[in-house]
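Hi,

Here is the structure I promised to pass on.

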Amino acid sequence: MVGDRMAVVLALLDGGREPGASLPQAVAAQAAAALGVDGICAGLGTGSSGLVLAWGREPMSVALDGLQFALGQGPGLDAAAGAPVLVADLEAAAARWPVFVPAATELGVRALFALPLRIGAISVGVLSAHRAVPGPLADGALADAFALAEAVTLSLLHQQSIGTERAGPPGEWPRAGLETNRAEVHQATGMISVQLGVSLAEALLRLRAYTYADGRAIAEVAADVVARRLRFDDRDQ
Amino acid sequence: MRASNGAPRAYREGVTVTREEQLVEAFVEAADTLVDDFDVIEFLHTLAGRCVQLLDVDAAGIMLADGRGHLHATAASSESARLLELFELQADAGPCMDAFRTGAQVVNADLGASEERWPRFAEAAQATGYASVHALPLRLRSTIIGALNLFRAHQGALSADDIHTGQALADVATIGILAQRSAQQAELLTTQLQRALDSRVTIEQAKGVLAERRGISVDQAFALLRAYARNHNLHLSDLAREVAEGTSTAAELLSGPQLADADTRGLERA
């Protein structure tokens, strides 16, 4: 179960916001406090070209992100490949990132936790948390961090689509958990990606946009796609 | 030995394997999870199938909780959409949610008498043809990670022997998911759970990709994925990821007959 403080953060992330607004920066500080770390950030991207900071621009996060990009190594880049990288004691992990670790400890960072931002095979980026004191995340904080990662993933996906024709009506934000626990949503995403010849991420956005325009629950629309009552291409025109 | 018509179920199916032998096999499969090279979703599917073989039940499934305490259908004895829907309905209220929240077994719940307790679930389960339902917590010491769900089409109580065996299988599932050797470390436990849930989402996406490419149902797509993974000695989760990401080179899996135009005519367009 999510802790009380993280529940507040998730409610802020899930809640409706101004059209086109990005993730509130102040919430990043609240999230960091809830996790018991000094700072967190979310970066977009999954490749070796590094991450683009999208949320949480406090100075240390910016510095760590810059280091990993410049050096081409670090926990954040590794987590982008898909698995969480939890480094409770950075100095003990010098063998894994021989250039990054001395530079990061020089900055005063002793613990780093990086979680991939993904929905199945859709990769969005990485959520990173850092702390000046070594040690693992507190009991329950990792579960909180995964819940946060899920909410941030949906928000960033949505944010990327703002201003494009597929974004759908603005002001509506995804509510993590409400849409990611339905099998049909993921099945429909796969089907739509083939129908339109687009990525899974794009397919999920199209599904969401259609849902808003249609005024129905995403699971209902997804069920229509899976049952082949609804197609997203116009091959039968 | 339990059987509704006097013979062990396995015998009725023409397989001369005793229940004890099947049980041993189920536990050996579980022991096999204690290696690095292990596919949790494949293991849970096999285990759900074992429940239907070994217990007097008609369907079985496993629901796991994510970090927010939401339950997700993770594996089932059948991938039929109607059964999966029964699991999904319990994300809000149902026997699995009760077993997960309390850590206690929910056994021999009569669906006809449960309409106040779980109105939506009870109605849907009855409409699908089930008369009774059972949920056994997936629990290791003080940690509860989800529930094993059992459905019966016919009236009558699940025997104490079956409940006991069912709970043993639930325990085996828990150990398999948490990989016993690391269960003391809360961090690894949470990470393993997240990995299982993430694999499940990837499999759903891959089912959709394959269903659309070949013009088949998502249930058929799952059967194809699983058979292909077995025949080629691949992990189901790895294969699903490749199919979902579009990096799979499994030509014979991906390029079946397309949905005929006639089948799509008259469909609503997005």
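Let's start with where the two chains meet: 36 residues of chain B and 39 residues of chain A take part in the contact, counting two residues as touching if their C-beta atoms, placed from the backbone, lie within 7 Å. Before going on, note that this is a predicted model, where local features need pLDDT of at least 70, side-chain atom pairs count only at pLDDT 80 or more, and totals for chains, interfaces and linings use all residues. Residues are numbered from 1 along each chain as its sequence is written, while chains are lettered from A and ligands numbered from 1 in the order in which they are written.

On the chain B side, the largest share, 17 residues, comes from α8(B). Helices (H or I, at least four residues) and strands (E, at least two) are DSSP runs, numbered from the N terminus.

Now to chain A. Strand β4 (residues 111-119) has nine of its nine residues buried, so it is largely enclosed by the rest of the structure. Buried means that 20 or more other C-beta atoms lie within 10 Å of the residue's own, with C-beta atoms placed from the backbone. Both faces are covered, with A:Phe113 among the buried residues on one side and A:Arg118 among those on the other.

β4(A) pairs in the antiparallel sense with β3 (residues 85-87) of chain A over three bridges (pairing takes at least two DSSP bridges), and A:Leu86 is bridged to A:Phe113. With β5 (residues 122-131) of chain A, β4(A) also pairs in the antiparallel sense, over nine bridges. These two form a hairpin with two residues between them, and A:Gly120 in the turn has a positive phi of about 60 degrees.

Cheers

Key. Buried ≥ 20, exposed ≤ 12 C-beta atoms within 10 Å, placed from the backbone.
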